[in-house]
Amino acid sequence: MTKGRSDKILSLLYGYYGDTVPDLNFRNIYELTISVVLSAQTTDKQVNGVTKQLFEKYPDFRSLSEADYSEVEKIVKSTGFFRTKTKNIIALSRMVFSKFGGELPDNMESLIELPGVGRKSANVIISIGYDKPGLAVDTHVSRIANRLGYSSSKSPDVIEKDLCSIINPSDWKKTHLLFIKHGRIICKARHPECGICPVSKQCNYYKENTAI
Ligand code: SF4
């Protein structure tokens, strides 16, 4: 992948999808963080289906840190892995006070200390919550980075490094959001709709699969 080709891809995707926003519903950094932890192994729609009630009852880290486990489990049950998720979001809320003085940290090193927060979630919090450079690599971003030729690795950490080595930090958030949108709408896992794809001319997968 060259810088020029990467710029072309981002420009084409942006031209096609325009400004993109996350599908999770949140109003502040607390709600984003809890939503991101709950989104593991499920869809944003499922998460949005429980967070209204969750945030009405527990509107901040303080109230969630003092919550009753069984009450939270009941609310988040439909997101799957609800026992682990409940433990994580309560423990995370407690740690915000016990270790970080009541403020959610804004850097990778500290964020990944929080229960339920790995590099991907930390990058979402950094880029979308704090508007600082971070490129979160989820299943859509991985697949599209592989198909377009940004990375040949299957490891999200390596894919993140490969993407970040060629894309300007100011475009990391946009790249994450555009790749997710593209992955959901056109470049689907099983049946990518290459015939209507705005970046097919730049795509390794397309070249390989249409070559005779
Ligand atoms: S050409 Fe096909 S595989 Fe390549 S990015 Fe577009 S939809 Fe995905």
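This is a predicted model: local features need pLDDT of at least 70, side-chain atom pairs count only at pLDDT 80 or more; totals for chains, interfaces and linings use all residues.

Me: What makes α9 a helix here, and which of its residues are buried?

Reply: Helices are DSSP runs (H or I, at least four residues), numbered from the N terminus. α9 spans 139-148. Its buried residues are His140, Val141, Ser142, Arg143, Ile144, Ala145, Asn146, Arg147 and Leu148. They pack against α1 (3-17), α10 (156-166), α11 and α12.

Me: Why is histidine 176 called buried?

Reply: Buried means under 20% relative accessible area (exposed is over 50%, partly exposed in between; 1.4 Å probe, protein chains only). Histidine 176 has 5% relative accessibility, so it counts as buried. This residue lies in helix α11 (residues 172-185).

Me: And why does isoleucine 90 count as buried?

Reply: Its relative accessibility is 0%, so isoleucine 90 counts as buried too. You'll find isoleucine 90 in helix α6.

Me: What is isoleucine 90 in contact with, leaving aside its neighbours within four places in sequence?

Reply: Contact means heavy atoms within 4.5 Å. On that basis, with those neighbours left aside, isoleucine 90 is in contact with Leu64, Ser65, Ala67, Tyr69 and Val72. For histidine 176, counted likewise beyond four places in sequence, the list is Val124, Ile128, Leu135, Ala136 and Val141.

Me: What makes a set of residues a nonpolar core?

Reply: The members are buried Ala, Val, Leu, Ile, Met, Phe, Trp, Tyr and Cys residues, joined through side-chain atoms within 4.5 Å. The largest such core has 37 residues, and Ile34, Leu54, Leu64, Val72 and Leu114 have the most contacts inside it. Apart from it lies another core, of 24 residues, including Ile9, Leu10, Ile144 and Val199.

Me: How many residues in the shell around the ligand are nonpolar, polar or charged?

Reply: The shell has 10 nonpolar, two polar and one charged residues. Ala, Val, Leu, Ile, Met, Phe, Trp, Tyr, Cys and Pro count as nonpolar, Asp, Glu, Lys and Arg as charged, and the others, Gly among them, as polar. α9 (139-148) and α12 (204-210) each supply at least two residues of that shell.

Key:
Residues are numbered from 1 along each chain as its sequence is written. Side-chain values use heavy atoms; hydrogens and water are left out.
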